[in-house]
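Visitor: I'm new to reading structures. Could you walk me through one, feature by feature?

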Amino acid sequence: MELEEIARKYALKNAVEYGGEANSGAVIGQVMAEAEDVDHAEAGKVAGRICGEVNSMSLEEQKEELENYEFEEEDDEHDPIPDLEGAEEGETVVRFAPNPNGPPHIGHARGMVINGELKQKYDGKLILRYDDTDPVTKRPLKNEEYNAYEMLEEDYGWLGYDIDEVRYSSRNFDRYIEYAEKLIEKGKAYVCSCSQEEGQKYRKEGEACPHRDKSVEENMDDWEEMKNGGIEEGEAVLKVKTDMQHKNPAIRDFVAWRIIEDPDHPITGDEYRVWPMLDFAGAMEDQFMGTTHIVRGKELRASTKRQKYIYDYFGWEYPEVKYWGNVQISGFNAPVSGSTLGNMIEEGELDGWDDPRAPTLQALRKRGFQPEAIQNFFIEMGFSENDVEASVDTLETANRDVLEEEADRYFYVKEPVELEIEGVPEDIEPEMPLHPDYPERGNRTPELGREDGTVTVCIEEEDMQEGFLRLKGLCNIEIENGEAEYVEGDHKVALEKDADIVHWVPESSEEATVVMPDAEENEGLLEPSSIEEDEVVQFERFGFVRKEGEERFFYAHN
Ligand SMILES: [Zn+2]
């Protein structure tokens, strides 16, 4: 399309949107975005003229002519979040249901982001539910030092989503027990005293065990003994009846409750002797809290089928389920696994939940990763049933996209060597923008140490080489036999010579520590600055860092 035509298309659109009057400023931007090889001056000239023509037309004429043009669909921020089957505005209830048995990490963030986005998309309700009903193999982590419950809620909020309700599965046992007993009364659950091996054999062969046909009274008596003592741990379980000939053996009568003698659970202590399995507790919770849509891993298809039996027995409507594939994110300095991370911390291999090596949300936050970047990373990834392998590089790219604009620039010399420059004129003063694209943020003008025309700075050891060099924002120099001399001219001279343009710091700079992602500490020199606690900045030619503590920074990425 010709430049004139592009301008006309957007002038008409703009005019119709604003009551007949096109704004040439807005049109220039759109023309520049669509036309190839056009500079601002030319676009401005054409847009100005065309807007004049369009504005002399009546609104009706503008509308009529506008119909001749086609526009690409405008990007919707939430586009990659697909529609959920049957989801209705204001009526959708989603939940994120982690097991609080270790530090929240980047893997958790996916469930947080996707459910948070779904809540926003449908103006629905978001529930954080702690699936904390396994005190043996997935013991909840809540002690004096670490509290995974609190941290999940805190990190979820940090990611930028409003949680409408927080629930603990472990606090609702009384209601679960009530429904377990209703199932027994309906003849849909029974206490089975088969050993694990026997149980597996019956399931595999698709035959009923001798306990399946016990009377309701017998089952109630046995259940009472499970609850209050009389039957020992491991000697009986409560099973939900399904279909012993179901084509998938995993769906045949399943264990819903077991006995745990000394659970010592961080929330309920030893109050309960019977413990629901995850399928049972989750089924109850989703019904009680009115979940309309569940997003879960595709490996949980059998869970859905088992839970549907319970729903059918009570005449409840099962939520819509959307399955997603697994995500592996590689490239961190510690594994993305809550329980492994928990063990590593306990054994002192990691220094707490925010150890920069860990892929925990606490660590990423400490290093300057932005919630928006983590959101974008998972939104872009989407949630199809395909397995996804991603690298930490992609997450870093997402973060860089957010920080490029926000982060102010500073000079930090990681391995400083001193350099004396002779013959620097008195009127040469350093001036570097806080951000090259945003001059309105101001300049950094650190004071130079001068003595008799000699200026002393520090540069990177690796930049110390013979020949022509530009010290960014200061001056050009020539180094000969290790001696540096001022050379007249601005940065264009350096560009023409294709010379290195390097960062530097004045002699008066302070030492600053940067903790790297492998936990190694780098001691370098930082130009005099007023970076605030918690601020993320870019150390030029080094990377993005976040300040935490006196002259102390954590490294995000380059
Ligand atoms: Zn049995």
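Guide: Strands (E, at least two residues) and helices (H or I, at least four) are DSSP runs, numbered from the N terminus. This is a predicted model, where local features need pLDDT of at least 70, side-chain atom pairs count only at pLDDT 80 or more, and totals for chains, interfaces and linings use all residues. Residues are numbered from 1 along each chain as its sequence is written, and side-chain values use heavy atoms, with hydrogens and water left out.

Visitor: Which residue of strand 5 is the bridge partner of Ala189?

Guide: That's Val240. Strand 4 and strand 5 pair antiparallel over four bridges. Strand 5 (residues 237–240) also pairs with strand 6 (residues 254–259), antiparallel again, over three bridges. There, Val240 has Phe254 as its bridge partner.

Visitor: And which way do the side chains of strand 5 point?

Guide: First, the term: buried means under 20% relative accessible area, exposed over 50%, and partly exposed in between (1.4 Å probe, protein chains only). Val237 and Lys239 point one way and Leu238 and Val240 the other, and all are buried.

Visitor: Which atoms coordinate the zinc ion?

Guide: Donors are N, O and S atoms within 2.8 Å of the metal (3.2 Å for Na, K and Ca); water is not among the atoms, so sites may look incomplete. Here the zinc ion has Cys192 (SG), Cys194 (SG), Cys209 (SG) and His211 (ND1), at 2.1 to 2.3 Å. Cys192 sits in strand 4 (residues 189–192) and His211 in the loop between helix 8 (196–205) and helix 9 (216–228), so the pair ties together parts 19 residues apart in sequence. Cys192 is buried at 1% relative accessibility, and His211 is buried at 17%.

Visitor: What is the geometry of the zinc ion's site?

Guide: Four donors count as tetrahedral if all angles lie between 85 and 135 degrees. The ideal angle for four tetrahedral donors is 109.5 degrees. At this zinc ion the angles run from 103 to 117 degrees, so the site is tetrahedral.

Visitor: How many disulfides are there?

Guide: A disulfide is a pair of cysteine sulfur atoms within 2.5 Å. The count here is zero.

Visitor: Last one: how do strand 20 and strand 21 run?

Guide: They run antiparallel, joined by five bridges, and Ile477 has Tyr486 as its bridge partner in strand 21. Their hairpin has two residues between the strands, and Asn481 takes a positive phi near 50 degrees there. Strand 21 also pairs with strand 14 (residues 416–422), in the parallel sense, over two bridges.

Methods:
Two strands pair if DSSP finds at least two bridges between them. Four donors count as tetrahedral if all angles lie between 85 and 135 degrees; four count as square planar and six as octahedral if opposite donors are over 155 degrees apart and all others between 65 and 115; anything else is irregular.
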